[in-house]
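I opened this notebook to record what I looked up in the structure.

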Protein chains: 2
Amino acid sequence: MTVLDEIRLGRSRSRSELVRRTGLGRAIVGRRVGELIDRGLVTEGAAGPSTGGRPPRQLAFRATAGHLLVADLGATSIDVALTTLDGRILGHHDEPARIEDGPDACLDRVDALFDLLLAAAKDVPGRLWGVGIGVPGPVEFGSGRPISPPIMPGWDGYPIRERFAARYGAPVWVDNDVNLLALGEWRSGVAAGHDNVVVIKVGSGIGAGIISDGRLHRGAQGSAGDVGHIQVSDDPSVVCRCGNIGCLEAYAGGAALGRAGEAAGADGSSGRLALALDQSGTVTAEDVARAASFGDPVAVAMLQSAGARVGSMLASVVNFFNPSLIVIGGGVANSPDLFIAAIRDTVYRRSLPLATRDLRIAHSSLGGLAGVIGASAMVVDQLFARESIGRWLEAGYPAAITDLTLARAG
Amino acid sequence: MTVLDEIRLGRSRSRSELVRRTGLGRAIVGRRVGELIDRGLVTEGAAGPSTGGRPPRQLAFRATAGHLLVADLGATSIDVALTTLDGRILGHHDEPARIEDGPDACLDRVDALFDLLLAAAKDVPGRLWGVGIGVPGPVEFGSGRPISPPIMPGWDGYPIRERFAARYGAPVWVDNDVNLLALGEWRSGVAAGHDNVVVIKVGSGIGAGIISDGRLHRGAQGSAGDVGHIQVSDDPSVVCRCGNIGCLEAYAGGAALGRAGEAAGADGSSGRLALALDQSGTVTAEDVARAASFGDPVAVAMLQSAGARVGSMLASVVNFFNPSLIVIGGGVANSPDLFIAAIRDTVYRRSLPLATRDLRIAHSSLGGLAGVIGASAMVVDQLFARESIGRWLEAGYPAAITDLTLARAG
C-alpha cells in the first residue's frame with residue numbers, strides 16, 4: 001500500500017491520514033509526498049479544517065498529469081476512449097465491428113479512432129502515459145497476447161502489446177473484456193467499496209470477472225472466470241461449441257438464446273419472434289429480450305429459464321467464494337427485470353444462508369462505458385505497480401514515463 | 001510487504017535483497033533491520049559469500065523469540081501443539097474427542113492438554129505470544145466466534161477468543177479447520193510456492209480452503225469454501241442435512257459413505273462391509289476405504305462414485321478460480337489412490353484446457369499435523385499484520401507483545 005496508491009484511490013487525503021493508514025513514519029511520508037508533488041503527480045490544496053494542531057493540507061492525485069488511450073473490443077463492437085489518469089472520459093466513440101475480421105482490420109480501426117479522439121479533444125492533458133486494450137477472449141496477461149480465444153479467429157498469440165507500443169512509444173496492457181468490466185464497476189461503478197465481487201457478463205458467451213480481497217483475481221494461467229463452460233445439466237443432447245455437454249453457455253448465452261428464439265419464430269409458437277425473424281432473417285438475444293419486455297410468454301419463459309441456469313451456477317460460486325456483491329452485465333442482462341429476478345431466486349434458494357445474508361445481486365451500473373473505464377483503471381494500476389515499472393523500463397519506454405521510477409518507492 | 005515478512009517467510013536473506021525486493025531505500029532498510037535485531041526478532045549470521053563489495057550478512061527470523069499454543073478441534077478429535085514462531089513443533093498430542101460435547105468440556109480438555117505440553121517440553125522458548133484454535137465449522141474471523149455451525153451443538157456464538165485470552169493473557173485467533181489445513185499445506189507442505197490453491201477436506205463433511213494470489217481467501221462473511229453444499233445432482237430423493245437436495249456432501253461426504261457402506265453390509269452385497277457391521281455395529285467411511293483397498297468391488301464403486309462427484313464440483317471451481325494446485329485431504333482422502341484418480345479423471349475431462357494445462361492434483365502432505373501447523377501460521381501472520389496489532393493493543397495485551405508495535409512499520 002504505497003503513498004501514491006493511498007492518495008490516488010482517495011483513501012488518504014492528508015499527511016496525517018497517510019501516517020495513520022500506512023504505518024510509515026511522519027518524516028518518510030513527508031519526503032515521499034514532497035517527491036510526488038515535485039514530479040507533478042500530487043497537488044496540495046488549501047488547508048482543511050483543523051482538529052487542534054496545524055490545519056492539514058488536502059492532498060490530491062493530479063489526474064491530468066497525462067492521458068490514456070483505451071479500447072474495448074467486443075465480439076461485435078469497438079469502444080474507444082481518451083481518459084485522464086483517474087478514468088474520467090474526455091472523449092468516447094463506439095461503433096459496430098466484427099472481431100472475426102482479425103487483428104489487422106480491427107486494430108487499424110482502433111488506431112484511426114484513437115487519432116480521431118485526439119483530434120476532436122479540446123484539451124489533451126500532458127503526454128500519453130499508456131494504452132489499454134480489452135478483447136473478448138482469454139489473454140495471457142504477462143505477455144498481452146490472446147491464448148486460443150474461441151471466438152477470435154486469427155488472434156491466437158497475436159502481439160497486441162508490441163503493435164501498440166511500436167506506434168505510441170508508451171506501455172500497453174491487454175486483458176479480457178470481462179476483467180475490464182469488473183475493474184470498471186469496482187473502481188467507478190456499483191461495486192465500489194466491495195472487496196469480494198463477482199461480475200458476470202452475459203453476452204454471446206458468458207464470463208466472470210472476480211475481485212478477491214480488493215484485487216482482480218486472474219488465476220494461475222489468467223483463465224479465472226471462465227464460467228460459461230461450467231456444467232449445469234447432464235442432458236447429453238445439448239452440446240456446447242467447446243465439445244462438452246451441459247455447459248452453462250449452451251443454455252443461457254446470447255447465442256443460445258438467439259437460436260432458441262429463431263426456432264420459436266420459425267415454428268410460430270411466438271408471434272413476436274416470428275415477426276423479428278421475418279424482418280431480419282434471424283433472431284438475436286436482444287430480440288428475445290424485447291419480446292419478453294412486451295410480455296410474449298415464450299420469450300418470458302426463455303429468459304426465466306436462462307436466468308435460473310445462471311443462478312444455479314452462481315449458487316455454487318457463492319458457496320465457494322462468498323462475495324458480498326454479484327453484478328450482472330452484458331447484452332442479455334439489459335433485458336427486463338425478470339432475468340435478474342430469476343437469477344436472484346435461484347441463488348437465494350440454493351446458497352447457504354450465511355453466504356447470502358448480506359449478498360446483493362445488482363445490475364451493472366456503468367452500462368457500455370464500464371469496459372473503457374476498466375481499461376483505464378488497469379493501465380494506471382499497472383503503471384504504478386512496483387513489479388511492472390521494472391518491466392517497461394527495461395523495454396525502453398521514454399523518459400516522460402521512466403521519470404516515474406522515483407515515485408515507486410512511495 | 002514488510003521487512004519483517006520478507007525475512008520471516010524466507011524471501012529476503014540480506015539487506016541488499018530487501019532493498020531490491022521491497023523498493024525501499026537502503027537507509028530505511030538498514031534502520032528497520034536494526035530495530036528488528038534490537039527487539040530480538042531477527043538475527044544476523046556470519047558474512048555470506050561476497051559478490052564483489054562488502055560480503056552480505058545473512059538475516060534470519062528468530063523463531064524462538066517466543067512460543068505459541070495451538071489446537072485443532074475436529075468432529076471427533078483434538079490435536080494440540082506447542083510450536084515456535086515459524087511453526088516448528090516442540091510438542092504434539094492428539095486424542096479422540098466429541099465436538100458435540102460442547103465448548104466447556106472440549107476447551108477445558110484443551111487447557112489441560114496445553115498444560116501437559118508445557119510441562120513435558122524440555123525447553124520452552126520465550127514467552128507465550130499467541131494462541132490459535134481451529135474448529136470444524138464456520139467462524140466469524142473478526143470476532144473468533146462460531147456462526148451457526150451445523151455439527152457443533154452449543155457452540156453458536158461461543159466467545160472462544162475471550163475464554164483463552166482471559167486464561168493466557170495473549171492474543172487469540174480462531175478459524176475453521178479447513179482454512180487452517182490450507183494455511184498449513186501452503187506454508188510448510190505440498191502447496192508451498194503456489195499462489196492459487198484450493199485445498200479440499202473430505203471428512204464427515206466436505207469443505208475447502210482457498211489461497212488467492214498468495215493470501216487466504218475467507219470471503220465477505222468468512223464462509224468461503226463451503227463447497228459441501230454445492231448442488232451436484234437434480235435427483236430429488238437425496239436430501240442433505242441442510243434441507244436442500246443434491247448437495248455434494250450428501251453423496252461424497254464421510255457420513256454419506258458410512259451410511260452407504262452400512263446399507264451394503266446389511267443387505268449382504270459386500271462381504272467385507274457385512275463383517276465390519278457385525279464387528280462394530282456400524283460402518284464408517286474408513287471401513288469403506290479399507291474394504292476398497294482389499295479390492296471389495298462394492299466399496300471400490302462407492303469410492304469411485306464419490307471421487308467423481310468431488311471431481312465434478314472441482315471442475316466448476318477450476319473454471320471459475322483457475323488454481324495451479326488442488327490438494328485433497330481429510331479422512332476419506334486417506335483411502336486408496338482410486339479416490340483421487342476418480343477426482344483427477346473428472347476434473348481433467350470437464351475443465352477447460354487452458355485452466356488444466358499446468359494444474360496439479362495432489363494428496364495432502366502433512367497428514368494429521370497440517371491443522372496445528374496452519375494454526376501456528378495463522379497466529380504469527382496475524383501477530384505481525386498491521387491491522388490486527390492495533391486491535392489487540394486496544395484489548396490491553398501485555399507489554400511483552402505490545403513491544404512489537406515498533407516492528408510494525410517495517
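Domain bounds, as I use them here, come from an automatic or database domain assignment. I note at the outset that the model is predicted.

Entry on domains. I looked up how chain A is divided and found domain 1 (3–61), domain 2 (67–183 + 369–408) and domain 3 (192–365). Taken over C-alpha atoms, the centres of domain 2 of chain A and domain 3 of chain A are separated by 28 Å. I then listed their contact, to which domain 2 of chain A gives 13 residues and domain 3 of chain A gives 19 residues. On the domain 2 side, β7 (139–140) and α6 (177–188) of chain A each supply at least two residues. The largest share of that side, 5 residues, comes from α6(A). By class, I recorded 11 nonpolar, 1 polar and 1 charged residues on the side of domain 2 of chain A that touches domain 3 of chain A.

Entry on a helix pair. How do α8(A) and α9(A) lie to each other? I found that the axes of helix α8 (residues 254–266) of chain A and helix α9 (residues 271–280) of chain A come within 7 Å and cross at roughly 100°. Angles of 65 to 115 degrees count as roughly perpendicular, and α8(A) and α9(A) are therefore roughly perpendicular to each other. Among the contact residues I noted A:Gly261 and A:Glu262 of α8(A) and A:Leu273 of α9(A). The residues of this contact of α8(A) with α9(A) divide into 6 nonpolar, 2 polar and 1 charged.

Entry on the chains. I found that chain B and chain A each bring 43 residues to their contact. On the side of chain B that touches chain A, α11(B) gives the most, with 6 residues.

Notes
Residues numbered from 1 in each chain as written. Chains lettered and ligands numbered in written order. Predicted model: local features only at pLDDT ≥ 70, side-chain atom pairs only at ≥ 80, totals over all residues. Axes fitted to C-alpha atoms, helices over the stretch in contact; angles between N-to-C directions. Helix = DSSP H or I, 4+ residues; strand = E, 2+ residues; numbered from the N terminus. Parallel < 35°, antiparallel > 145°, perpendicular 65-115°, else oblique. Contact = placed C-beta atoms within 7 Å. Nonpolar A, V, L, I, M, F, W, Y, C, P; charged D, E, K, R; others polar.
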